[in-house]
Amino acid sequence: MSESAASQRLAFVQNHLQVAACANKEEPRKKTPIESMAEEREKATFDVRELTYFLDGGEKFTQIREKFMMELERDPTFRMYDMYDVTKDQIRERTMEKFRTIVHYVSAEPVHIFTMRMQTISLIDPGFWTRFGVHYGLFFGALRGSATSAQFSHWVSKGALALNGMVGCFAMTELGHGSNVAGLETTATFDESSDQFIIHTPTVTATKWWIGGAAHTATHTVVFAQLIVRGKRYGTKSFVVQLRDPKTYTLMPGINIGDIGKKMGRDGIDNGWIQFTNVRIPRTNMLMKHTKVSRAGDVKEPPMAQLTYGALIQGRVAMVVDSGNIAKKAVTIAGRYAAVRRQFASSPHDVQETKLIDYAIHQYRLMPLLAQAYAFHFTGVETQKLYDSLMDKLESTQPGDASMQEVLDTLKETHATSAGLKAFCTWSTLNAIEACRQTLGGHGYSAYTGLATTYNDFAVHCTWEGDNTILTLQSGRYLVSCYREALAGKTQPEGVDYLNHLDTLLTQGCAVKKNEDILDFNIIQQAWGVVTANVVKKAGDDFESCLKQGMNPEGAYEECSQARLAAAKIHSFGYVFRRFAQAVQSAPEGLKAILTKVCFLYGLYSIEQNAGFFLQYRYFTPSQMDFVRAQVNVFCREVRQEYIPLIDAFNYSDYMINSPLGVYDGNVYEKYFDQVKRQNPVGGEHPYLPLIQSLLTRNVEDDEPLEDDDEDDE
């Protein structure tokens with residue numbers, strides 16, 4: 001064989017061997033959902049557990065929350081897997097079953113630990129959380145906040161604390177009045193001859209409405225009614241009225257109660273209506289910590305009526321905290337599904353379809369919602385601290401104390417802040433839940449995926465404890481008041497500190513040398529300060545203009561209501577960002593890098609959503625706003641890389657999430673299919689077979705045949 005032929009032969013053999021080797025090489029394999037989720041967790045650049053501890057306030061509290069989750073998951077009365085298929089009556093009965101378990105912890109745990117337990121329960125069963133909270137948060141809370149020491153001891157001895165002998169409800173809202181407590185129509189008229197109050201419902205619109213626990217459960221209620229003594233009205237006060245005999249559950253004389261029926265969500269609460277027809281109660285059933293009525297009919301009003309408002313703030317603060325918790329749950333479900341759901345291929349050569357989370361538009365839909373959930377979490381923590389500090393001051397301060405004015409200023413600030421944040425956070429979270437539901441595609445319409453029910457249950461937050469629009473206007477009214485005080489030279493509190501710098505802020509622009517310098521917490525805070533100061537100034541100037549036109553203050557406030565709404569909204573954006581930035585700066589070093597990215601995303605995205613204000617007041621130039629928009633996309637991509645570790649840090653167990661699409665391991669399809677089959681067994685008796693058969697076998701007379709259109713024209 002010639003040398004040339006030998007070389008050709010060798011090349012042929014080598015080529016054959018290379019082809020054979022390729023033939024034996026393993027073909028690229030599609031990753032399972034579990035593997036897809038696992039690869040997401042490998043991207044973490046931070047210690048997930050450390051972030052959990054930071055969010056919970058320390059390792060000790062993380063362990064407590066995990067203990068609660070385990071106890072609830074193992075308690076058969078708290079089974080949640082079938083909650084999407086139970087009827088209204090079934091869920092109400094189940095809700096009542098849970099009382100016996102939870103009431104044990106009321107006296108067995110310190111208040112702050114029990115509060116954590118209830119916050120955990122609110123995530124899995126908001127209906128029970130509310131129904132239980134009606135007694136302890138509203139009824140018992142009213143006793144604690146409005147009763148004298150002797151009255152409080154009396155009602156505790158009757159079983160108000162132990163839920164032994166009485167179950168309470170809170171009769172404030174009326175059919176014709178909600179947020180306007182001062183306008184309630186129910187009357188409490190003092191009868192000096194018998195030393196009694198006569199509680200009466202004078203009109204249909206005075207019917208107590210939406211009263212949780214009234215329809216079937218409550219034996220007693222705290223009623224808000226107009227105090228009338230010797231023909232003079234003294235405003236809305238609170239009175240304890242017995243509704244039912246606790247042994248027979250028959251209604252007391254003069255009491256009429258009914259069920260208001262099916263609601264949008266939270267069917268575990270037996271909301272009802274109550275009418276009082278000349279119901280007599282002892283004078284001492286009026287809660288007299290603040291306003292007092294003597295046996296002789298003398299009325300003594302509190303020297304500082306504002307002090308009675310402190311207890312009303314608690315519910316609003318709780319909803320700010322709840323907004324952060326529910327937002328975290330929603331983005332967990334949507335995010336975990338997006339990490340394993342694959343849809344279409346980015347390239348025809350791809351072996352596997354692309355993850356939803358890798359599409360830029362999906363990142364833009366989800367990443368800002370994650371950032372918002374973190375922002376609301378830290379805002380809730382700080383708002384709770386502000387409220388706790390206020391209550392400590394209210395408990396220790398007496399009229400005449402030198403610190404009284406400071407306490408009243410703190411009360412005013414906390415009241416307005418909690419009102420504005422309650423509206424801002426609940427509106428935003430409700431929108432976030434719906435946005436997360438839509439990212440699930442068609443599966444988002446299934447109740448089993450969790451977000452439809454979460455939306456229905458959460459929606460009530462936007463209208464109870466004060467309608468959100470009304471609360472936002474209250475916040476705007478406070479901002480106008482602070483603006484006027486600032487002009488008069490009075491230093492404003494930290495929450496509205498920007499009003500202390502009106503002389504420099506109002507005309508200030510972003511003075512960075514290059515666009516990249518915008519990525520600084522101080523610059524973003526300054527941006528919100530400038531815009532908020534200008535928007536508040538607009539509301540304040542509109543108010544002053546109305547006064548100069550001869551309007552009274554109430555008319556002037558109403559005339560500038562839209563400006564107040566805008567001021568409160570922009571103020572809340574800036575306030576939430578500032579709380580988030582402060583939390584990042586106090587975070588452990590190992591967490592600062594990732595939290596900084598999330599915080600920048602929230603701040604820049606919020607600016608982008610309100611770009612008109614930043615351009616109107618010339619803080620940012622158009623080119624700077626273009627940079628802000630571009631950076632939102634940059635941070636969406638960066639946060640996406642660690643989205644799964646970031647939601648893992650929320651530390652919600654699969655039991656807490658209660659959604660097959662949000663399971664930790666990513667095995668969403670098998671879990672989803674299993675749940676559907678378990679709740680809807682195959683092979684059972686047909687539920688409406690006779691109806692179908694009667695339809696298909698009915699006698700139908702032959703109709704005249706239709707004419708053929710083709711034969712019409714000849």
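In which sense do strand 4 and strand 8 pair, and over how many bridges? I found that strand 4 and strand 8 (residues 272–276) pair in the antiparallel sense over two bridges. Strands here are DSSP runs of E with at least two residues, and helices are runs of H or I with at least four, numbered from the N terminus. Two strands count as paired if DSSP finds at least two bridges between them.

I noted the source next. This is a predicted model, in which local features need pLDDT of at least 70, side-chain atom pairs count only at pLDDT 80 or more, and totals for chains, interfaces and linings use all residues. Residues are numbered from 1 along each chain as its sequence is written, and side-chain values use heavy atoms, with hydrogens and water left out.

My last entry is on Thr120, in helix 6 (residues 111–124). Thr120 counts as buried because its relative accessibility is 5%; buried means under 20% relative accessible area, exposed over 50%, and partly exposed in between (1.4 Å probe, protein chains only). Thr120 touches Arg65, Phe68, Met69, Leu72 and Met656, leaving out residues up to four places away in sequence. Contact means heavy atoms within 4.5 Å.
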